[in-house]
Amino acid sequence: MMHRIGAIAFNTFREAVRDRVLYNLVIFAILIVGSSLLVGQISIGVERLVLINLGLTAISLFGIVIAIFIGIQLVSKEIEKRTLYTVLAARPVRRWEFIVGKLLGLIGTLAVNAGLMAIGFFAALLYMTHRFQAADLHLLSALYLIVLQFVLITALALFFSTFTTPLMSAVFAFALFVIGTFAEDLRAFAVMAGGIGKYIATGLAYLVPNFAALNVISQVAHSVPVPGQLVFWNTVYVLVYAAAVTSAAVLIFERRNLK
Amino acid sequence: MGAIETFSLEKHYRVGFWHNRLKHALKPLTLTVEQGEVFGYLGPNGAGKTTTLRLLMGLVFPSAGSARILGRPLDDPWMKSQIGFLPEQPYFYDYLTPKELLGYYAALSGVPARDRGRRIDSVLSRVGLADAVNVQLRKFSKGMLQRVGIAQAIVHDPRLLFLDEPMSGLDPIGRREVRDLIQELNAEGKTIFFSTHILSDAETLCHRVAVLNKGELRGVGVVADLARQVSGQVEITYEGTAALHSLADNAHVSGNIARVVVADRELDRSLDLIRTSGARLISVTPVQASLEDYFLQKLEAHSASEVAR
């Protein structure tokens with residue numbers, strides 16, 4: 001079982017690499033180098049703050065965009081191109097193994113991509129500040145939480161792609177990302193609502209993926225540490241949420257006629 | 001135990017805006033394919049051949065009925081590792097080379113890592129792709145992709161092969177090679193179930209065939225037996241003139257020699273006519289019916305019964 005999931009995940013990673021997904025790193029590099037040169041000249045004293053905000057936001061957004069655009073095609077492309085037939089038809093591969101393999105493959109791709117971007121980002125930071133500070137360690141927590149965002153959005157994109165068109169999947173996944181970015185506000189709003197609306201609003205506020213909790217960029221940019229507890233509970237939250245969404249994707253996919 | 005057994009296997013889809021009309025892709029099909037045989041699954045385009053294969057492969061789910069492959073249910077993992085499948089017009093991950101692609105499939109099929117390299121090399125040379133092992137599939141022609149398709153179907157040395165239109169997209173030499181390969185694989189003891197609408201392929205390769213039309217099984221049996229079922233005809237050649245034209249399907253006269261084809265049951269009357277009119281009989285030859293005749297007869301019978309309805 002594990003070796004089949006591993007083979008599918010590796011193939012997904014290989015596909016992304018050969019489809020030149022990692023070319024986004026070039027754009028990222030240009031962005032980081034350009035901005036670190038520019039920021040140094042226009043914002044004296046707050047270069048570090050600006051660079052961290054910009055660098056981490058770019059790492060996060062690049063990853064989210066790739067996660068959505070590849071995630072929505074993970075299953076639909078294989079069905080449309082009928083490459084799925086030779087994987088599922090006459091091999092001892094369960095449909096859930098296929099879904100989980102594809103998911104892990106894309107998450108792996110995004111993690112490697114984010115890792116490479118992080119190296120570029122730290123290099124730019126070192127170039128600007130000349131030496132690392134203890135507060136820079138918090139950046140690693142922020143990066144870790146960004147990867148957790150990727151896990152969540154990939155699971156969502158994959159879920160939508162098991163039953164709707166790529167375009168609709170992209171719209172749904174992106175909409176949920178935007179709404180999820182305001183999840184904390186939604187929860188605050190739900191508390192203020194009255195009557196039955198309160199329950200509905202609370203339910204919805206807790207149902208949307210909480211991307212807000214995974215974004216600590218401005219915090220670490222101001223050298224505020226990220227509590228270990230937050231990191232731990234966010235990890236649990238993302239794993240449970242992604243597992244639930246992926247299970248739903250599997251349930252749908254298991255019943256689908258692959259015409 | 002048959003290699004493939006279907007019991008009233010059936011598939012229909014709901015079509016129309018309200019999903020209120022039923023479209024029968026496959027009407028209840030009961031069929032047994034024995035171990036070790038080459039079985040041809042024949043029918044015109046849209047007959048339900050591919051639907052049957054997709055049902056057997058677990059890609060679509062039956063509306064009713066059931067099937068067993070190698071005595072196991074359709075989702076049995078052990079059974080799945082013992083079968084190979086070539087889909088119709090196969091398409092593969094075109095960013096891979098044949099070697100990488102087969103490596104991936106071999107891993108999924110559970111071929112041990114130490115055997116993979118050897119198996120892949122031997123399979124690729126067997127399908128004639130030894131020179132293109134490291135070329136990305138996006139540069140392959142249709143015929144080469146078909147060969148890759150066959151290679152992936154046999155890379156894990158399966159006992160039973162399902163081939164959907166294995167000759168399509170191949171040139172005459174390629175078709176010949178695939179025919180030879182099917183025979184070789186069968187000689188190694190593998191059961192082969194292949195669908196085709198090209199009857200000459202089925203006639204040369206198959207022990208038994210099934211004829212399918214409009215989702216319905218029209219006949220199944222040994223090729224020679226089926227051909228024999230077609231009403232027999234004889235060709236009569238004679239010299240002189242005789243009023244045979246009313247009995248004959250077609251008549252060909254060149255000079256003084258006439259050649260006519262008549263139904264078996266008209267033979268005596270024809271010979272009487274030749275004798276009484278003073279013509280000289282040269283030869284009487286039975287006309288061999290082919291699988292094509294059987295096939296066309298089955299298809300025509302069906303359309304005729306539909307018109308009558």
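How are α1(A) and α6(A) oriented to each other, parallel or oblique? Before I answer, a word on conventions: this is a predicted model, in which local features need pLDDT of at least 70, side-chain atom pairs count only at pLDDT 80 or more, and totals for chains, interfaces and linings use all residues. Residues are numbered from 1 along each chain as its sequence is written, while chains are lettered from A and ligands numbered from 1 in the order in which they are written.

To the helix pair, then. Two packed helices are described by the angle between their axes and the distance between the axes. In chain A, the axes of α1 (residues 2–18) and α6 (residues 95–129) come within 7 Å and cross at roughly 45 degrees, where axes are lines fitted to C-alpha atoms, for helices over the stretch in contact, and angles run from 0 to 180 degrees between N-to-C directions. The two helices are therefore oblique to each other, given that angles under 35 degrees count as roughly parallel, over 145 as roughly antiparallel, 65 to 115 as roughly perpendicular and the rest as oblique. Helices here are DSSP runs of H or I with at least four residues, strands are runs of E with at least two, and both are numbered from the N terminus.

Residues of α1(A) that meet α6(A) include A:I5, A:I8 and A:F13, and on α6(A) the residues involved include A:F98, A:L104 and A:G108. By class, this contact has ten nonpolar, six polar and three charged residues; Ala, Val, Leu, Ile, Met, Phe, Trp, Tyr, Cys and Pro count as nonpolar, Asp, Glu, Lys and Arg as charged, and the others, Gly among them, as polar.

Turning to the interface, 25 residues of chain B are in contact with 22 residues of chain A, contact being C-beta atoms, placed from the backbone, within 7 Å. On the chain B side, α2 (77–81), β6 (83–86) and α3 (98–108) each supply at least two residues, and α3(B) gives the most, with four. That side has 18 nonpolar, six polar and one charged residues.

Finally, chain B as a whole has ten helices and 14 strands. Its radius of gyration, taken over C-alpha atoms, is 24 Å, well over the 19 Å that the globule rule gives for 309 residues, so chain B is more spread out than a compact globule; that rule is 2.2 Å times the number of residues to the power 0.38. The C-alpha atoms of chain B fill a box of roughly 80 × 50 × 40 Å, taken along the principal axes.

How values were computed
Contact = placed C-beta atoms within 7 Å.
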